[in-house]
Amino acid sequence: MAKLVLLSAGMTGRTHELKVDKTTIGRVEDNTFQISEPSVSSHHCEVLLRGSDVVVRDLNSTNGTYINGEKVTESVIKPGQVLRLGQIEMRLETDTMAAPAQKPVDRTLVMQRGVSVDELGHGARTPAFDAKGTGFSKKDNKANRIFVILAAVVAVAIVVVFVFGWLKIGK
């Protein structure tokens, strides 16, 4: 039996079997196959079973009906081909459709080897090591040093203003 399998995000895997001679597809509830998505017209297209053929007929939709990227008004769709209604894509599948041969998944990852220091040539720099021998040294943070100096200057200024104010009151 033929069926339409949705491929679009959020609807992936949703299917509709084509059981009757005429299946209407659209956004509103009175369609045989309702797809509630704004890019799909209220009555977008119909799928007709004509013997062994599956025919798609556009119903003057706003965003068009496409088979494998080609706009159609009426056309036969073959198993494996992608039907697009607005932004929604679906594939026609049949029971007799041969499952695509899948290559076994190789779990081995090949990673490229890095460059050794010897391969870099004479201009290569060796990393600077800190006292602990870890290869990492603490960075000098000038912003923190400037902040501490400014805070000290402001603190001294406040103390000076306070002392002069105290002396002035005491006279």
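**View 1. Strand E6 (residues 53-58) pairs with E9 in the antiparallel sense over four bridges.** Val55 has Val76 in E9 as its bridge partner. Strands, marked E, are DSSP runs of at least two residues, and helices, marked H or I, are runs of at least four, numbered from the N terminus; two strands count as paired if DSSP finds at least two bridges between them. The model is predicted: local features need pLDDT of at least 70, side-chain atom pairs count only at pLDDT 80 or more, and totals for chains, interfaces and linings use all residues. Residues are numbered from 1 along each chain as its sequence is written, and side-chain values use heavy atoms, with hydrogens and water left out.

**View 2. An open sheet of five strands has the order E4-E3-E5-E6-E9, with mixed pairing.** Strand E4 (33-34) and strand E9 (74-77) are the edge strands, each pairing on one side only.

**View 3. Strand E1 (residues 3-6) runs antiparallel to strand E2 (residues 15-17), joined by three bridges.** Val5 stands opposite Thr15 in E2. E1 also pairs with strand E11 (residues 88-93), in the antiparallel sense over four bridges. Here Leu4 stands opposite Leu92 in E11.

**View 4. Phe164 lies in helix H2 (residues 142-170).** Phe164 counts as exposed because its relative accessibility is 56%, the classes being buried under 20% relative accessible area, exposed over 50% and partly exposed in between (1.4 Å probe, protein chains only). Together with Val156, Val159, Val160, Phe162, Val163, Trp166 and Leu167, Phe164 makes a nonpolar surface patch of about 850 Å².

Key:
Patches are made of residues with over 30% relative accessible area and no salt bridge: like charges are joined within 9 Å, nonpolar side chains (Val, Leu, Ile, Met, Phe, Trp, Tyr) within 5 Å. Accessible areas come from the Shrake-Rupley method with a 1.4 Å probe; for residues, only the protein chains shown count as cover. A salt bridge is a side-chain nitrogen of Lys or Arg within 4 Å of a carboxyl oxygen of Asp or Glu.
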